[in-house]
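Work through the exercises below with the sequence and the model open. Each task is followed by a stepwise solution.

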Amino acid sequence: MHFLAYIVRQTGKNLRQTWGTQVMTLLTVTLSVLLFAFFFLIYNNMLRASARLGDDLRLIVYLDQEIPEQNRPEIEKKIHEFGPVEKIVFVSRAEAFSRLRAQLDKEKDVLNDLGPDFLPPSIEVYPLKNLHDLTKISQFSDFLLTLPHAAKVQSGSDWLRRFGDFTNLLQVVVLLSGVLLIISMTFIISYTLRLTVVSRQGELEILRLLGATSAYIRLPLLLEGMLQGFLGSSLGLGALYFLYQWTTSRFSGPGFLNLFDFAFFPPELTAAILLAGVALCTGGSLFSIRRFISI
Amino acid sequence: MPRDASTDKPLVELVNVTKIYPPDIVALEDVSLRIYKGEIFFLTGMSGAGKTTLIKLICRLETPTRGLIEVAGRDISRISPAGIQRMRQKIGIAYQEFRLLEKQTVLQNIAMAMEVTYASTKAIHARVDELLALLNLSDKRDKRTGELSRGEQQRVALARAAANGPSLLLADEPTGNLDPAATELVINLFRHLNEKNGSTIVVATHDKSIYAETEHRVMDLHNGHLSAHPNRAPRQIELFEA
Ligand SMILES: Nc1ncnc2c1ncn2[C@@H]1O[C@H](COP(=O)(O)OP(=O)(O)O)[C@@H](O)[C@H]1O
Ligand SMILES: [Mg+2]
């Protein structure tokens, strides 16, 4: 009981003695977390968006003539041999026409003049979900083009590829900012701790002479690191949430953000980032305490 | 209260201890010494004789070049760092150079010694007030030690050493800066600790006035060699003959 009270009081004393540096540290931790969480949030939303887009991803092979019923199993076999697919649907001219009619519903009169033959027949190929890798999709569509009577393959892959490239780039940015976060946090924590130790050199020496245990001396410093990690991460995440709220309220209505259904981190992820911040700062303290304090 | 040396176990024992500071300064040579529990022991000698070195060896601020040192029956060279810290909580040391934090108050300086043992704030305040009253420093309690005179600082250092009611008090030149009246207060503090608390007290000093009249054991260091004090030798012999 007394033990804890002492540790907490000593921590408070430390913080007061070096408050200027402590504020700088807190700011650095906050900004690092904010920067990382910002990129991570965007990346996270891109991932979600591409997963959703992948859900209705299908490859449509337009044909220049109908494939007779008896030839279909052979083509299906060929496709299956190339890669795993969920299903393959053959669409005849007539089926395509009636689908379109159903879609147009009230304005189906427009079609009267065109006649049932104006749409090309096609094969719809639904790849398995695990084919999200975009290079594989484009390989797949190249292959489909080699099927007999294939005229054109539509996959929307150009757009998807650009989207995917951006997501990949963002992944690199997230990783970089994560590394930056780790470096800046451990550096600043270690730097602050060194300042604390230097400013309390005389006191630490006397404490050693008076028989202070290593827990008495080290725990307050460790607690200080933990506190910095917790406050800094909370502030960084809080700032990001504020930014998110502000942005979404400003750009509400149809637009880019709505297209992606832009969302904040789920609570578990928020907690995980917070914990990671605390762990990093505590780890940094632990490391520096070992380096700078011999008791 | 002098103890019967033959029956008690010594609290501190030095066996053939030699301390050589680099490169080749011999501070203590082949010193053997037993200090018994409850004893008040005077260690005398001129400046440079090795008194401070001996005190530092006992609390392991220095390590001997050769020889064995036991405190409470344990070879202190084999005690873990954590064990040494626990041991220091029970040994009060008043350093020759005081080692106070000048920017902190008298209260804070003395409190530190008790805080490391996780004493309650109430107990700390009570004890500090008691010690300051004994040393006639009550009005200085909230002054920074840097603002005090040498004599006052010296007494603060002693109060800090006495704060935990230590089993062993090591006082290095405790009266070096004191007038006779203050010296009397310090002697009374030692007596108080010794009688009320059973503390063993080791006083390193070259101040004849504090050991001239004493009935306690006095030993003399000279160039790192320990011997019975010249003025005391006859009495010591008498003691053994009796
Ligand atoms: N840290 C040290 N390094 C080198 N020599 C020292 C050191 N401390 C003390 N000495 C030397 O050891 C001898 C004994 O010193 P000390 O124990 O301080 O004597 P006293 O306390 O009796 O004056 C002296 O010659 C002193 O110069
Ligand atoms: Mg000395």
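The model is predicted: local features need pLDDT of at least 70 and side-chain atom pairs pLDDT 80 or more, while totals for chains, interfaces and linings use all residues. Residues are numbered from 1 along each chain as written, chains are lettered from A and ligands numbered from 1 in written order, and side-chain values use heavy atoms, without hydrogens and water.

**Exercise 1.** Determine the strand order of the open sheet in chain B and its edge strands.

Step 1. Helices (H or I, at least four residues) and strands (E, at least two) are DSSP runs numbered from the N terminus; two strands pair if DSSP finds at least two bridges between them.
Step 2. The order in chain B is 2-1-4-5, with antiparallel pairing.
Step 3. Strand 2 (25–36) and strand 5 (74–75) of chain B each pair on one side only, as edge strands.
Step 4. Strand 5 of chain B is joined to strand 4 (residues 66–71) of chain B by two bridges; B:Glu70 has B:Asp75 as its bridge partner.

**Exercise 2.** Is A:Gln10 buried or exposed?

Step 1. Buried means under 20% relative accessible area, exposed over 50%, partly exposed in between (1.4 Å probe, protein chains only).
Step 2. At 7%, A:Gln10 is buried.
Step 3. A:Gln10 lies in helix 1 (residues 2–17) of chain A.
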